[in-house]
Amino acid sequence: MRSILVTGGAGFIGANFVQYWFTQHPQDNILVLDALTYAGNLASLDPVKDHPNFTFVHGNILDTNLIEELLRHHKVDTLIHFAAESHVDRSITGPDAFLETNIMGTHSLLKAAKKVWLDENLLNGKEHRFHHVSTDEVYGTLSLTDPAFTEDTAYAPNSPYAASKASSDHLVRAYNETYGLKTTISNCSNNYGPYHFPEKLIPLVITNILHDKPLPIYGDGKQIRDWLYVEDHARGIELVLNKGRVGENYNIGGHNEWQNIDIVKLVCKLMDECFAKGEALPADFPQAKSAIAGNSASLIEYVKDRLGHDRRYAIDAAKTRDELGYEPQESFETGIRKTVEWYLNNEVWWLAVMDGSYRDWISEQYK
Ligand code: NAD
Ligand code: DAU
């Protein structure tokens with residue numbers, strides 16, 4: 001049985017991870033620590049909030065004393081670190097928060113883990129693990145003909161977000177090499193699925209169609225991302241925790257490269273199909289005029305490119321497959337349909353995170 005501290009568990013991937021973990025390991029204890037920034041949403045943890053082994057703590061990973069107390073009090077043996085500022089566009093307009101949370105925040109967790117697990121030997125020699133959730137963006141960008149990123153690809157981050165994640169990866173590695181902290185790192189490609197904040201491409205396109213708003217395509221729209229269903233990311237992390245070698249990095253990806261413009265056109269087609277089939281949809285979303293007319297793609301609008309926009313990401317996950325037996329289970333065809341349907345059925349969730357009413361509610365709860 002594990003006692004797990006999940007940082008950033010109210011965010012997109014963290015919340016999906018916690019939900020997945022309880023389906024597989026209901027006997028484990030999970031303690032979620034989250035600062036509930038604009039990207040964190042307690043409603044994403046609704047499906048597990050009544051689980052007897054679930055605890056939520058509202059707090060910041062920069063608060064090293066709090067982390068130490070949580071590790072001691074809950075006898076945590078496994079720390080899975082998702083908390084981060086995660087949106088590339090925000091890192092371009094305001095990098096400071098990214099350096100604070102992603103670099104200093106990760107260091108705060110490492111210091112606390114070293115103190116409690118190594119210096120104080122709180123677990124009496126029982127195994128511990130610090131798992132750091134990282135990204136393929138640390139490897140930089142690929143041309144169309146380059147081979148996919150492997151774990152040996154040199155780090156070459158291009159955005160402030162990617163640079164902050166690369167720095168945090170280096171710190172995790174250093175704590176393993178220098179102090180013997182038992183760490184692992186996973187570098188994953190673009191996730192999609194339920195509870196994805198609607199500033200990211202796929203949920204942005206779905207929710208903009210529902211409001212009949214333009215679908216912004218940066219530059220020529222031919223940038224390529226490698227999309228993975230979020231539960232397959234959770235499965236990959238589970239394998240790294242259970243079978244991964246301490247001190248190693250593992251790539252997790254979907255063998256699923258798409259140009260942005262093709263993803264957007266696919267989502268438009270799926271939305272048109274749903275509106276054509278679902279009798280209630282036009283009544284539920286009367287603003288979605290283009291989808292009702294079966295022409296969501298008319299909303300596509302090419303806009304100014306993202307600064308320093310990486311052209312292509314692709315993950316070679318051969319090491320994770322060969323060492324750990326990892327294979328994604330969700331096909332893109334089924335995963336993207338499920339995702340579109342989830343947004344159509346969960347308007348309350350995405351409206352609340354978008355219009356700020358959720359933020360007001362949170363400030364009331366934590367006054
Ligand atoms: P997200 O932005 O949806 O969620 C981040 C969560 O962290 C939020 O709940 C937020 O409240 C919390 N948080 C932020 N700052 C905090 C702080 N200082 N203290 C405590 N909590 C804080 O992010 P996500 O998309 O779920 O990404 C999770 C992790 O996975 C990140 O580390 C990201 O770099 C990595 N990752 C994301 C993707 C992707 O496609 N989204 C792919 C690969 C790796
Ligand atoms: O690769 C993993 C990374 O994937 C994670 O580390 C990041 O946390 C996560 O946010 C994601 O980064 P991207 O920048 O790839 O995701 P985003 O959804 O912001 O954009 C996907 C692609 O779509 C990217 O090439 C930019 C483009 N885009 C994005 C938006 C929001 C558009 O063309 N228009 C848009 O409006």
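**Note on cavities, salt bridges and backbone angles**

1. The largest cavity in this predicted model has a volume of about 60 Å³. A cavity here is a set of points, on a 1 Å grid over the protein atoms alone, where a 1.4 Å probe fits but cannot get out. Its volume is the space filled by probe spheres set on the points, with grid points joined across faces, edges and corners. The structure holds two cavities of 30 Å³ or more.

2. Some ground rules come next. Residues are numbered from 1 along each chain as its sequence is written, and chains are lettered from A, with ligands numbered from 1, in the order in which they are written. Local features need pLDDT of at least 70, side-chain atom pairs count only at pLDDT 80 or more, and totals for chains, interfaces and linings use all residues, while side-chain values use heavy atoms, leaving out hydrogens and water.

3. What lines the largest cavity? The lining is V88, I92, E137, S159, R225, R306, L307, G308, H309, D310 and Y313. Lining residues have an atom within 4 Å of a point. By class, four are nonpolar, three polar and four charged. Ala, Val, Leu, Ile, Met, Phe, Trp, Tyr, Cys and Pro count as nonpolar; Asp, Glu, Lys and Arg as charged; the others, Gly among them, as polar.

4. The second largest cavity contains about 40 Å³ of space. Its lining consists of A10, G11, F12, A39, N41, S44, Y195, F197, W349 and V353. Seven of these residues are nonpolar and three polar, with no charged residues.

5. Y195 is not a glycine, yet it has a positive phi of about 65°. Y195 sits in the loop between strand 7 (190–192) and helix 6 (201–210). Helices (H or I, at least four residues) and strands (E, at least two) are DSSP runs, numbered from the N terminus. Is Y195 buried or exposed? Y195 is buried, at 12% relative accessible area. Buried means under 20%, exposed over 50%, and partly exposed in between (1.4 Å probe, protein chains only).

6. D212 also has a positive phi, near 55°, and is a residue other than glycine. D212 is in the loop between helix 6 and strand 8 (215–218). With 28% relative accessibility, D212 is partly exposed.

7. How many salt bridges are there? The count is 23. A salt bridge is a side-chain nitrogen of Lys or Arg within 4 Å of a carboxyl oxygen of Asp or Glu.

8. One of them joins E231 and R235, with the closest N and O atoms 3.0 Å apart. The two are four residues apart in helix 7 (residues 230–243), so about one helical turn separates them. E231 is partly exposed at 34%, whereas R235 is buried at 16%.

9. E323 and R245 form another salt bridge, at 2.5 Å from N to O. E323 is in helix 11 (residues 318–324) and R245 in the loop between helix 7 and strand 10 (249–252), so the pair ties together parts 78 residues apart in sequence. E323 is partly exposed at 35%, and R245 is partly exposed at 42%.

10. K269 and E273 are also bridged, their closest N and O atoms being 3.6 Å apart. Both lie in helix 8 (residues 260–277), four residues or about one turn apart. K269 is partly exposed at 46%, and E273 is partly exposed at 27%. Elsewhere, salt bridges with shared partners join E68, E69, R72, K115 and E120 into one network.

Technical notes
1 Å grid on protein atoms, 1.4 Å probe; cavity = no way out; pocket = protein on both sides within 12 Å on 5 of 7 lines; lining within 4 Å.
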